[in-house]
Amino acid sequence: MLQIHSAVPFDEIEAVLRAAAQRHNASLLVISHLAPAHPEGTPQGPRDAFVFTLCLSKMYAKLLAAEIRFASFLPCRVATWPEAGGGVMLESVSPLEYCRLLGRSDLEPLAAPLESALRTILEDAAHPRAVSSASAAAGPHSWGATEDQVNMRATLPQRIDCSGTKVEEEGGTGTHDAPGG
């Protein structure tokens with residue numbers, strides 16, 4: 001496991017991890033919020049956690065070409081949760097561990113660059129660079145959806161068949177609705 005403690009406040013970890021990923025040519029694909037695991041009032045108390053899905057696609061190609069079963073571990077996920085004494089814990093499964101789980105220790109040299117890149121991103125997020133006051137004032141959820149967070153699954157296509165028929169043509173009267181004049 002890759003484990004790194006960050007002094008960054010939990011509510012700022014998304015922005016810091018996103019910036020660190022972009023600096024190292026990675027994409028932050030999905031952010032999953034995990035609800036508290038224990039009911040309030042229990043000894044362990046409520047704990048929030050976020051799981052960030054990071055994509056380092058250029059590094060995945062060699063691993064997938066060598067062993068397609070790596071697809072069950074990719075893209076890499078980073079779990080984050082607030083620590084009791086302050087700060088945030090960042091944790092991810094080591095890509096070298098993927099090789100061991102698959103029984104392919106011969107592929108560890110191919111997984112080593114991915115592990116190095118993942119460790120670098122986590123360390124960068126643990127010790128962020130100074131951010132401008134404008135970006136620090138805007139919380140990570142006030143930015144709105146970014147291009148990599150938009151789900152295009154339920155959108156209507158511009159053309160609905162291979163003949164080039166438009167949705168508007170199917171829904172109209174077949175003639176110009178407002179001839180003008």
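Predicted model: local features only at pLDDT ≥ 70, side-chain atom pairs only at ≥ 80, totals over all residues.
Student: Let me zoom out. How many helices and strands are in the chain?
Tutor: The chain has six helices and five strands. If you read along the sequence, they follow the pattern β-α-β-β-α-β-β-α-α-α-α.

Student: How much of the chain is buried?
Tutor: Of the 181 residues in the chain, 32% are buried.

Student: And what about contacts that reach across the sequence?
Tutor: Take the contacts between residues at least 6 apart in sequence: 65% of them join residues at least 24 apart.

Student: Back to α1. Which of its residues are buried?
Tutor: In α1, the buried ones are Ile 13, Glu 14, Val 16, Leu 17, Arg 18, Ala 20 and Ala 21.

Student: What covers them?
Tutor: The cover includes β1 (2-6), β2, β3, β4, β5 (88-92) and α4.

Student: How do α1 and α4 pack?
Tutor: Two packed helices are described by the angle between their axes and the distance between the axes. For α1 (residues 13-23) and α4, the angle is about 135° and the axes are 8 Å apart. That makes α1 oblique to α4, and their crossing is right-handed.

Student: Which residues meet there?
Tutor: From α1 you have Val 16, Leu 17, Ala 20, Ala 21 and Arg 23, and they meet Ile 121, Leu 122, Asp 124 and Ala 125 in α4.

Student: What about α2 and α4, how do those pack?
Tutor: α2 and α4 pack at an angle of about 150°, and their axes are 9 Å apart. That angle makes α2 roughly antiparallel to α4, because anything over 145 degrees counts that way.

Student: Which residues make that contact?
Tutor: On the α2 side, Met 59, Tyr 60, Lys 62, Leu 63 and Ala 66 take part, and on the α4 side, Leu 110, Ala 111, Pro 113, Leu 114 and Ala 117. The crossing of α2 and α4 is left-handed.

Student: α4 keeps coming up. How long is it?
Tutor: α4 has 19 residues and runs 26 Å from its first C-alpha to its last, close to the 27 Å expected at 1.5 Å a residue.

Student: Can we pick on Leu 114? Where is it, and buried or exposed?
Tutor: Leu 114 is in helix α4, residues 108-126. Its relative accessibility is 0%, so Leu 114 counts as buried.

Student: What does Leu 114 touch?
Tutor: Leaving out residues up to four places away in sequence, Leu 114 touches Leu 56, Met 59, Tyr 60, Leu 63, Leu 74, Cys 76 and Pro 95.

Student: New topic: how many aromatic pairs are there?
Tutor: A search of the whole structure finds three aromatic pairs. In one of them, the rings of Phe 73 and Tyr 98 have centres 4.8 Å apart and planes at 10°, so that pair is stacked.

Student: Where do Phe 73 and Tyr 98 lie?
Tutor: Phe 73 lies in the loop between α2 (57-66) and β4 (76-82), while Tyr 98 is in helix α3 (residues 95-102), so the pair ties together parts that are 25 residues apart in sequence. Phe 73 and Tyr 98 are both buried.

Student: Which residues form an aromatic cluster?
Tutor: Phe 10, Phe 50 and Phe 52 form one.

Student: Last one: which peptide bond is cis, with omega near 0°?
Tutor: The bond from Leu 74 to Pro 75. Pro 75 is in the loop between α2 and β4. Pro 75 is also touched by Thr 53, a residue of strand β3 (residues 49-55).

Notes
Residues numbered from 1 in each chain as written. Heavy atoms only, no water. Phe/Tyr/Trp six-rings, centres within 6.5 Å; stacked < 30°, edge-to-face > 60°. Helix = DSSP H or I, 4+ residues; strand = E, 2+ residues; numbered from the N terminus. Buried < 20%, exposed > 50% of the residue type's maximum accessible area, 1.4 Å probe, protein only. Contact = heavy atoms within 4.5 Å. Expected span 1.5 Å × (residues − 1). Axes fitted to C-alpha atoms, helices over the stretch in contact; angles between N-to-C directions. Parallel < 35°, antiparallel > 145°, perpendicular 65-115°, else oblique. Left-handed = near helix turned anticlockwise from the far one by under 90°.
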